[in-house]
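This briefing covers selected local features of the structure shown below. Points are grouped by topic.

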Amino acid sequence: MLKMKKNVLKITAVLGLTTVLLNSCGPKENTPLVYFPDMYFPVAYDPLMKAQDAYSDHENEIPAFVKNNFATGLSPVEGSVAQNKDGVFEEGLLPKTPDEYNAGYDASKTVTASPLNPANAAKDLERGKGLFEKTCAACHGVGGDGQGPIVQSGAFSGVPNYADRDITVGSVHYVITNGRNAMGSYAGQLNAGDRWRVAMYVMNAFKKGAAAPAAATTAAAPAKSETMTTETKK
């Protein structure tokens with residue numbers, strides 16, 4: 001008798017669970033209240049077309065979209081990384097094979113000046129310094145000695161001292177762009193012009209060999225002398 005009661009309870013439980021599961025898979029004409037309909041009914045926006053709400057009849061009047069003729073593809077946020085604002089890089093020049101990489105690296109060593117305007121060297125070096133300290137110093141160290149905090153922690157080793165390396169501003173830029181050995185490419189973190197600025201800073205701070213800053217310094221010298229002469233006359 002007891003065994004029969006247990007069997008009846010088991011059968012009842014199975015039937016009840018089956019009923020619940022079947023009901024949960026039924027039609028959804030009467031869906032419950034949805035608090036975040038844009039997540040429940042996801043719609044991919046065409047960036048060049050007016051955005052439409054799939055769950056509402058009202059016009060989408062988001063100010064940013066209205067200002068952009070209702071297109072959802074807005075312009076980049078101010079301060080975001082531009083792809084190639086300085087116009088000094090071509091994607092087609094990226095190496096595709098190890099042979100192309102090695103040939104490109106050898107060729108980069110012959111480049112002793114950046115393509116940026118030498119007249120802006122002081123500003124370029126200042127920006128390069130800031131970018132180096134934010135992006136590169138964690139491994140290379142603020143002194144370029146390869147003793148950044150990541151290396152000192154023991155998490156990574158083998159970062160060279162710039163002073164011991166046979167490098168040029170071109171080869172530094174090449175490695176930043178394409179990576180080398182354990183170092184990956186930083187083309188995704190630094191735009192084309194900024195990669196040259198960091199390379200210029202490395203040469204100027206740790207190798208004293210950036211041709212563009214030297215030219216700019218020479219050009220700035222007469223102005224300084226003229227100022228001193230004027231002050232002397234006063």
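Asn181 sits in the loop between H8 and helix H9 (192–207), where helices (H or I, at least four residues) are DSSP runs numbered from the N terminus. The model is predicted, so local features need pLDDT of at least 70 and side-chain atom pairs count only at pLDDT 80 or more, while totals for chains, interfaces and linings use all residues. Residues are numbered from 1 along each chain as its sequence is written, and side-chain values use heavy atoms, with hydrogens and water left out.

**Loop residues and surface**
- Asn181 has a positive phi of about 55° although it is not a glycine.
- With 74% relative accessibility, Asn181 is exposed (buried means under 20% relative accessible area, exposed over 50%, partly exposed in between; 1.4 Å probe, protein chains only).
- Tyr35 belongs to the loop between helix H1 (2–24) and helix H2 (37–40), and Tyr35 is exposed at a relative accessible area of 67%.
- A nonpolar surface patch is formed by Tyr35, Phe36 and Met39, with about 460 Å² of accessible area together.
- Patches are made of residues with over 30% relative accessible area and no salt bridge; like charges are joined within 9 Å, nonpolar side chains (Val, Leu, Ile, Met, Phe, Trp, Tyr) within 5 Å.
- Accessible areas come from the Shrake-Rupley method with a 1.4 Å probe, and for residues only the protein chains shown count as cover.

**Helix H8 and its contacts**
- The axes of helix H4 (residues 98–108) and helix H8 (residues 169–178) come within 7 Å and cross at roughly 150°.
- H4 is therefore roughly antiparallel to H8 (angles over 145 degrees, taken from 0 to 180 degrees between N-to-C directions of lines fitted to C-alpha atoms over the stretch in contact).
- Glu100, Tyr101, Gly104, Tyr105 and Ser108 of H4 make the contact with Gly170, Ser171, Tyr174, Val175 and Asn178 of H8 (heavy atoms within 4.5 Å).
- His173 lies in helix H8 and is buried, with a relative accessible area of 9%.
- Leaving out residues up to four places away in sequence, His173 touches Ala192, Arg195, Trp196 and Ala199.

**Salt bridges**
- There are five salt bridges, each a side-chain nitrogen of Lys or Arg within 4 Å of a carboxyl oxygen of Asp or Glu.
- Arg197 pairs with Asp124, with the closest N and O atoms 2.8 Å apart.
- Arg197 is in helix H9 and Asp124 in helix H5 (residues 121–135), so the pair ties together parts that are 73 residues apart in sequence.
- Both Arg197 and Asp124 are buried.
- Asp194 also bridges to Arg197 (2.9 Å, N to O).
- A network of salt bridges links Asp124, Arg127, Asp194 and Arg197.

Conventions. Helices (H or I, at least four residues) and strands (E, at least two) are DSSP runs, numbered from the N terminus. Angles under 35 degrees count as roughly parallel, over 145 as roughly antiparallel, 65 to 115 as roughly perpendicular and the rest as oblique.
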